[in-house]
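Opened the notebook to jot down what I could look up in this one. I wanted the core, the pockets and the charged pairs.

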Amino acid sequence: MAQAPAPKPVLVPDVSQRQIDIKYSFTGADLLLFGAILYPGGRVPAERDADIVVVVKGPVQPILVREKQKIAGIWVNAASMRYLSAPSFYAIASSKPIASLLDERSRAIYELGLDSLQLSPASGGESEARDRFARGLVDLRQRAGLYYEAPGAVEITDGVLYRARIAIPARVPVGRFTAETFLLRRGRVLAVAVRDLDIRKTGFERFVARQAERRSFGYGLTAVALSVLLGWAAGWIARRA
């Protein structure tokens, strides 16, 4: 008679904020991810060799990446590649460097690490070109603070409690985000848990964003009119000075 599989530990995660509001004075936020590892029967393994990885992802979006070349001393757009679904934000924190916790195949399956993101190019092409553009996209978003890795940033206490902080930059996109927590041990993923959080604009910023989305033509005319008016006012003030 086959034995039933041994029960696995369970993750109980949470986040410090389920909703982050972006106002005119928003300069970023500090998101705390924390929780506990519940072992079967409440017995914590004596080795306490479990590791935790947390990943915060923003909504996916299509993006066009252009490559620039210098021709006759002028930088011009050259080749390009369109991606159907790239995370608008991606941050990963782990108790140890992720490459030391999982092999390359497992990292690719769970998209753990910037070099393991599945970016879904819209068209084919040579693997060398796809890799080059993927590295370029990751580099651009790293420099904007929208992609980053924080190895060693997860603290585990007594083999049960864990916590990590993820910095949310001021330029963060809005939408539904996910906070994923992975429990790893000896090169295997033992448990996964997900929490959702919303980042949204509030106040005047939300009003402007809604008008741009719902009444794009009128919003464009208003923006042009305001630009002309402000330009005229600046010129008039300069002449009077």
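These are my entries, topic by topic, on a model that is predicted.

**Core**

I started with the largest nonpolar core, which has 56 residues. Val-53, Phe-89 and Ile-168 are the ones with the most contacts inside it. Strand β12 (residues 188-201) gives the most to this core, 6 residues.

**Ser-94**

Is Ser-94 buried or exposed? I found it buried, because its relative accessibility is 4% and the cut-off for buried is under 20%. Ser-94 sits in strand β7 (residues 90-94). Beyond its neighbours within four places in sequence, Ser-94 contacts Ile-52 and Val-53, and also Ala-150, Pro-151, Gly-152, Ala-153 and Val-154.

**Pocket**

I looked up the largest pocket next and got a volume of about 310 Å³. Its lining is made up of 15 residues, and Leu-117, Leu-119, Arg-130, Asp-131 and Ala-134 lie nearest the centre. Which element gives the largest share of that lining? Helix α2 (residues 127-143) does, with 6 residues. By class I noted 7 nonpolar, 4 polar and 4 charged residues in the lining.

**Salt bridges**

How many salt bridges does the structure hold? I got 11, and went through some of them.

Arg-165 and Asp-30 pair at 3.2 Å, N to O. Arg-165 is in strand β10 (residues 161-168) and Asp-30 in strand β3 (residues 29-38), so this bridge ties together parts 135 residues apart in sequence. Both ends are partly exposed: Arg-165 has a relative accessible area of 43%, and Asp-30 has 41%.

Arg-186 and Asp-49 meet at 3.0 Å, N to O. Arg-186 lies in the loop between β11 and β12, and Asp-49 in the loop between β3 and β4, so the pair links parts 137 residues apart in sequence. Arg-186 is exposed at 61%, whereas Asp-49 is partly exposed at 24%. I also saw that Arg-186 and Asp-49 belong to a salt-bridge network with Glu-47 and Arg-185.

Last one: Asp-198 bridges to Arg-176, with the closest N and O atoms 2.5 Å apart. Asp-198 is in strand β12 and Arg-176 in strand β11, so parts 22 residues apart in sequence are tied together. I logged Asp-198 as partly exposed at 25% and Arg-176 as partly exposed at 47%.

Definitions and conventions. Residues are numbered from 1 along each chain as its sequence is written. This is a predicted model: local features need pLDDT of at least 70, side-chain atom pairs count only at pLDDT 80 or more; totals for chains, interfaces and linings use all residues. Side-chain values use heavy atoms; hydrogens and water are left out. Helices (H or I, at least four residues) and strands (E, at least two) are DSSP runs, numbered from the N terminus. Buried means under 20% relative accessible area, exposed over 50%, partly exposed in between (1.4 Å probe, protein chains only). Contact means heavy atoms within 4.5 Å. On a 1 Å grid over the protein atoms alone, a cavity is a set of points where a 1.4 Å probe fits but cannot get out, and a pocket is an open set with protein on both sides within 12 Å along at least five of seven lines; lining residues have an atom within 4 Å of a point. Grid points are joined across faces, edges and corners, and a volume is the space filled by probe spheres set on the points. Ala, Val, Leu, Ile, Met, Phe, Trp, Tyr, Cys and Pro count as nonpolar, Asp, Glu, Lys and Arg as charged, and the others, Gly among them, as polar. A nonpolar core is a set of buried Ala, Val, Leu, Ile, Met, Phe, Trp, Tyr and Cys residues joined through side-chain atoms within 4.5 Å. A salt bridge is a side-chain nitrogen of Lys or Arg within 4 Å of a carboxyl oxygen of Asp or Glu.
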